[in-house]
Amino acid sequence: MTGAILDTAFAAAFALAEPAADAAHGAATHAGDHGAGHGGMSGGALMALIPLLPLFAAALVGLLACFNEKSKLPAYASVGILGVSFLLTLITYLGWDGHSVIRVGLWDWISLSWGDGVGESLTANFAFYFDGLSLLWMLFVTGLATLIGLYASEYMSHDVGLGYCRFFGAFNLFVFSMSCLVMGDNLLMLFLGWEGVGLCSYLLIGYYYKKKAAVDAGMKAFVVNRIGDLGLLIGTLLTFTTFGSVEYASLFESINANTTATGAPLDATWQVWAIPLLLMAGAFGKSAQLFFYVWLPDAMEGPTPVSALIHAATMVTAGVYLVARMMPLYVADSHLIALTVVTWGGAITAFWAATIAMAQYDIKRIMGYSTISQLGYMFAGLGVLATTGGVFHVFTHAFFKATLFLSCGAVMHGFAGQLDLRKLSGLWKVPGFQIVTIAMLIGCLNLAGFPLTAGYFSKDMILAEAFTTPDSQIGASSWAGWLMLLTAGLTAYYTFRVFFRVFVGPVEYHAGDEDHGGDHEVDAEAAAAIDESHEDDAAHGHHGFHPHAPGWAMNLVLVVLAGASILAAGLYFVGDHHGWAGGMVHGSATYFDPAHVGDHAAAVIGEAGESADDHAAHAHGTILGMDPHKVMYYISGVVGFVGIGIAFVLHFAGRTEAATSKADALARAIEPVHRWAEGKWFVDEFYNFIIVTPLKVISHLFHWFDKLVIDGIVELFGGAPKVGSDTLAPASQTGVLHDYALRMIAGVAVVLVVVALVLY
């Protein structure tokens, strides 16, 4: 019965879609577009609902806000609707043939023409583009949104009412925007979703609008992202002027043919490297890379569900998606200039963020810097042509990083906002926090690249490919590989630094700033069990405070995400293209053959492509004289073990209290380095010095110039008549009748003299 229902659903979905699919590896065509602009929602109705349902949910939550709803209905309605969206995505994926490109049009959005020549018309319809890459992204976007929405139903319950509605309204609007970004069939649709997720990020970071730090963080994210977005916008416009189109199908066809709109060879133009660099600027801004990363750690001021969904799993991967989607354009340049920049930008960011994370004490911000570092791995993976590895790491990271953030959120929620690892210890023994501890351990193992975890396999693919790709192809890629390998060790260290300090060891906890001395419901026997081994509460920081354990919704989500993080490792062994993610990349229009990079006659979109195994057959890079794809398993495993072992020695063995550890002596020995790392290398202060402060000085100068000069001129012309009248009035307005008569006679005399002069 169940099989018959699924078969019927698949048939309905794909009969309605009437997709335009090229069976030869997914080359997209223009035929088969259907939608509201072509006579109603008969075509692609089910697939079109994937992004439209979150938009409907946002509108529904807004309606509930109008009626001042004060229950959890906005959350449960959102979760239910997002769950249907995920189910439709799953149905679409299960019915997909593994190589077709499905294009579903809704309505004509932009259609302009100013001539009959090539490149003299612009078409950008509100249409969706389904292939392996977009389906992979939408599976975890809708799936995680559903789970995190359920988690937020409990986490945000303190704000039931208008604030609750405001949160879930922006939450649903974000999922809609992210869907447009991923599923759009042209660059303008992508840009629409790109700006939408930026707006929602701003709204949700600054959700606690009465908290100055949150408002400042939202503004910082908005401004920094606008800088990168300018690069994306210019890159999109340059793409149109170069190819005469912004639709993926037309773009990939032109890139495949190595031609521009004017018929010139693409590889002979400066646009072949300029467009990818401009798109990269937008990608780096959204994904917090290199010079743009400073906004993401401050974004942790938003509610933890926001950090988990937007700033760990989905929005920040938009930049990775953009580069992966436009990979045919990146490899069109025979010199691979942009990919070299992407590689080193990602590798340097990964290392830089890891050094900062090692010295932080706020566990949520540590996870924020960890996200920046892992995004660096993803970009470096794309840069060294490990598209499968980069995309697979996006997928695995989405689950285990969401697990980590939500575990930190459970701690923050239960301990009145406390996130300082020097004030928390032994939470494994605190009643109600066992599930949180296990979920945190699973997430930490994945992030540290512990052997046989999903994070281990996805990170290994990137590291191996960095050494496989010849340095002559991607500038000094092996050196970038060594830097990322060092970063892997640092990652394992700071990840388990958090785990060993907070979740195991002696039981000790201090309430955070949100504790107002209120009573916390706690079982008396459980509370006694916590303190059984202690002489008094005050000596161990309890001071009568009892933590609030997470409820069923938060625990359920943690269990599901932890389980998904474990199961994701199995995807590495699924399929014929170096894992499930490789099959999804292979079945997308972005697939290319690294053996023919720069050879445009052979790099056929949909026929060419990349997997780590195929690439290894054509490249000659080695590590320590051995095949990277055969020995990286062992090298990265050893590096991870070393990082975890150092964390064990410095932060667990022999520790008797939360505030101190053996690492303190080491920190004192390298005090200047530790102080700079703890201060985040003072990059924010540097930016304030060279950018913010000069702009403030200039703005004040212009303010005074406007006030003294511009306003002065206006006031001069406006005040002159008044000054004149004030000067002449006392002398001319005496109130004596014969004075007025005398002046009238004098005036008449003057007039007569003037008339006489004119006439004679």
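Predicted model: local features only at pLDDT ≥ 70, side-chain atom pairs only at ≥ 80, totals over all residues.

**Entry 1**

Tyrosine 155 has a relative accessible area of 6%, so it counts as buried, because the cut-off for buried is under 20%. I then checked tyrosine 151, which is buried too, with a relative accessible area of 0%. I noted the general rule here: an α-helix has 3.6 residues a turn, so residues three or four places apart point the same way. The rings of tyrosine 151 and tyrosine 155 form a stacked aromatic pair, with 5.8 Å between centres and 20° between planes. The label "stacked" applies because the cut-off is planes under 30 degrees apart.

Next I counted aromatic pairs, and the total came to 40. One of them joins phenylalanine 140 and phenylalanine 395, with centres 6.1 Å apart and planes at 75°. That pair is edge-to-face, because the angle is over 60 degrees. Which parts of the chain does the pair tie together? Phenylalanine 140 lies in helix H4 (residues 132-155) and phenylalanine 395 in helix H16 (residues 387-414), so the pair connects parts 255 residues apart in sequence. Both phenylalanines are buried.

I also looked at who else phenylalanine 140 meets. Leaving out neighbours within four places in sequence, its contacts include Ala313, Thr317, Val394, Phe395 and Phe399. Phenylalanine 140 and phenylalanine 395 also belong to one aromatic cluster, together with Tyr93, Trp137, Tyr321, Phe399 and Trp580.

**Entry 1**

**Entry 2: charges over rings**

The charged end of arginine 226 sits over the ring of phenylalanine 222, 4.4 Å from its centre. Arginine 422 lies over the face of tyrosine 361, at 3.8 Å from the ring centre.

**Entry 3: helix H21**

Helix H21 covers residues 552-567, which is 16 residues. From first C-alpha to last, H21 reaches 22 Å, close to the 22 Å expected at 1.5 Å a residue. Its buried residues include Ala553, Asn555, Leu558 and Leu561. What covers them? The cover includes H4, H16, helix H17 (434-447) and helix H18 (454-468).

Asparagine 555 is buried, with a relative accessible area of 14%. Not counting residues up to four places away in sequence, asparagine 555 touches Ile435, Val436 and Pro550.

**Entry 4: a serine in a loop**

Serine 245 lies in the loop between helix H7 (212-243) and helix H8 (248-256). Is serine 245 buried or exposed? At 11% relative accessibility, serine 245 counts as buried. Its side chain reaches the backbone nitrogen of glutamate 247 at 3.1 Å. Setting aside residues up to four places away in sequence, serine 245 touches Thr239, Phe240, Ser250 and Leu251.

**Entry 5: a leucine in a strand**

Leucine 112 lies in strand S1 (residues 102-113). With a relative accessible area of 48%, leucine 112 is partly exposed. Leucine 112 and leucine 122 are ten residues apart in sequence, and their C-alphas are 5.0 Å apart in space. Beyond four places in sequence, leucine 112 touches Ser121 and Leu122.

**Entry 6: the start of H24, then the whole protein**

Helix H24 has 24 residues and reaches 33 Å, close to the 34 Å expected. At its start, a side-chain oxygen of aspartate 627 comes within 3.1 Å of the backbone nitrogen of histidine 629.

Last, I zoomed out. The protein has 28 helices and four strands. Of its 760 residues, 55% count as buried. Among contacts with a separation of 6 or more, 79% are between residues 24 or more positions apart.

Notes
Residues numbered from 1 in each chain as written. Heavy atoms only, no water. Helix = DSSP H or I, 4+ residues; strand = E, 2+ residues; numbered from the N terminus. Buried < 20%, exposed > 50% of the residue type's maximum accessible area, 1.4 Å probe, protein only. Polar contact = N/O pair within 3.5 Å; in protein donor to acceptor, adjacent residues only side chain to side chain. Contact = heavy atoms within 4.5 Å. Phe/Tyr/Trp six-rings, centres within 6.5 Å; stacked < 30°, edge-to-face > 60°. Lys NZ or Arg CZ within 6 Å of the ring centre and 35° of its normal. Expected span 1.5 Å × (residues − 1).
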